[in-house]
Amino acid sequence: MRLVENKTYDEERALYNLKDCEVKKCLFAGVRDGESALKEARNIKVIDCNFSLRYPMWHVKKFELINSNLDELTRAPLWYDNDGVIDNVTISSVKAIRECNNILVKNSHIDSKEFGWKSKQIKITDSVINSEYIFLDSSDITINNLEFSGKYSFQYVENLVIDNSSLDTKDAFWHSKNVTVKNSLVKGEYLGWFSDGLTLINCKIIGTQPLCYCKNLKLINCTMEDTDLAFEYSELAADIIGNILSIKNPKSGHIKADSIGAIIKEDSIMEDTCDIVIRNT
């Protein structure tokens, strides 16, 4: 691979269609304010670089982005990319990673509204992300050891596995399909409404009115805190350790818990056949 090192670029498409190259210790910023610095690049390594221009990596195939910083001016920095690794990178711009495929993100810190939309085969590990509408309408995602904060996360996502993570969110997993969350903290209001095939294993769930209008919902060895009006009109199998604040009109299946503050069955618009069992009574 040839080497481009210690350069500053601010012109439009500065390194357009770059191939088989290592870009090292370069700065993408300047008065000409040119966008799309590395558009259509192929087989590149970008190491120890700083970006401060729009759309720097679009339509890139087979890339590594390592030890680099993309500031708030790198709007929509990675779109339509395939087969990439993002390692020890700070991203502070909106709409990072969109319509991308086969991307690994690790050891990174990301603050990006609308992160990860309409993407496939994304892996996140050992990272911190703040976002709104993260991974909207994306599929085949694997997440491990993620500290996440934000709103409206994982809507319309399919085939998602999350392990060993902390999710501080709101309206998470709405309309999701085939999602499994393991060994994690899940905090948020109105969790998982309209989901199909959501499974929570060894999780702590916090927040009001969780898990309503769900199909094929499973909770295994989970705890629940401040979870009032849970499970309305849901089809579920739930085994809860400890207390559930209140349950309202679950549709079918079974719920088992050590204690339940209130079981509310009123004003239901559908038949309720759910079996509710309180242990040690």
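N202 sits in the loop between β21 and β22 (204–206). Strands here are DSSP E runs of at least two residues, helices are H or I runs of at least four, and both are numbered from the N terminus. The phi of N202 is near 55°, a positive value in a residue other than glycine. Most residues other than glycine have a negative phi. N202 is partly exposed, at a relative accessible area of 36%. Buried means under 20% relative accessible area, exposed means over 50%, and partly exposed lies in between (1.4 Å probe, protein chains only).

This is a predicted model, in which local features need pLDDT of at least 70, side-chain atom pairs count only at pLDDT 80 or more, and totals for chains, interfaces and linings use all residues. Residues are numbered from 1 along each chain as its sequence is written, and side-chain values use heavy atoms, with hydrogens and water left out.

Y190 also has a positive phi, near 55°. Its loop runs between β20 (185–187) and β21 (196–201). Y190 is partly exposed. The table sets out relative accessible areas for named residues.

| Residue | Relative accessible area | Class |
|---|---|---|
| N202 | 36% | partly exposed |
| Y190 | 26% | partly exposed |
| C274 | 7% | buried |
| C49 | 1% | buried |
| S119 | 1% | buried |

**Overall build**

The chain has zero helices and 30 strands. Its C-alpha atoms fill a box of roughly 70 × 30 × 25 Å, taken along the principal axes. Of its 281 residues, 48% count as buried. Contact means heavy atoms within 4.5 Å. Among contacts with a separation of 6 or more, 5% join residues 24 or more positions apart.

The accessible surface comes to about 12,400 Å², and carbon and sulfur atoms hold 43% of that. These areas come from the Shrake-Rupley method with a 1.4 Å probe; for residues, only the protein chains shown count as cover.

The chain carries 34 positive and 42 negative side chains, with the centres of the two sets 6 Å apart. Lys and Arg count as positive, Asp and Glu as negative; His and the chain ends are not counted. Each charge is placed at NZ of Lys, CZ of Arg, CG of Asp or CD of Glu.

**Core**

The largest nonpolar core has 75 residues. Such a core is a set of buried Ala, Val, Leu, Ile, Met, Phe, Trp, Tyr and Cys residues joined through side-chain atoms within 4.5 Å. F28, F154, F173, L200, L219 and F231 have the most contacts inside it. Beyond its neighbours within four places in sequence, F154 touches several residues, including F173, W174 and S176.

**Cysteines**

A search of the whole structure finds zero disulfides. For C49, the nearest cysteine sulfur is that of C26, 4.8 Å away. The cut-off for a disulfide is a pair of cysteine sulfur atoms within 2.5 Å.

S119 lies in the loop between β14 (109–111) and β15 (120–132). Leaving out residues up to four places away in sequence, S119 touches I97, R98, E99, C100, D137, S138 and S139.

D226 is in the loop between β23 (217–225) and β24 (235–240). D226 and G207 are 19 residues apart in sequence, yet 5.4 Å apart in space, C-alpha to C-alpha. Aside from neighbours within four places in sequence, D226 is in contact with G207, T208 and L245.
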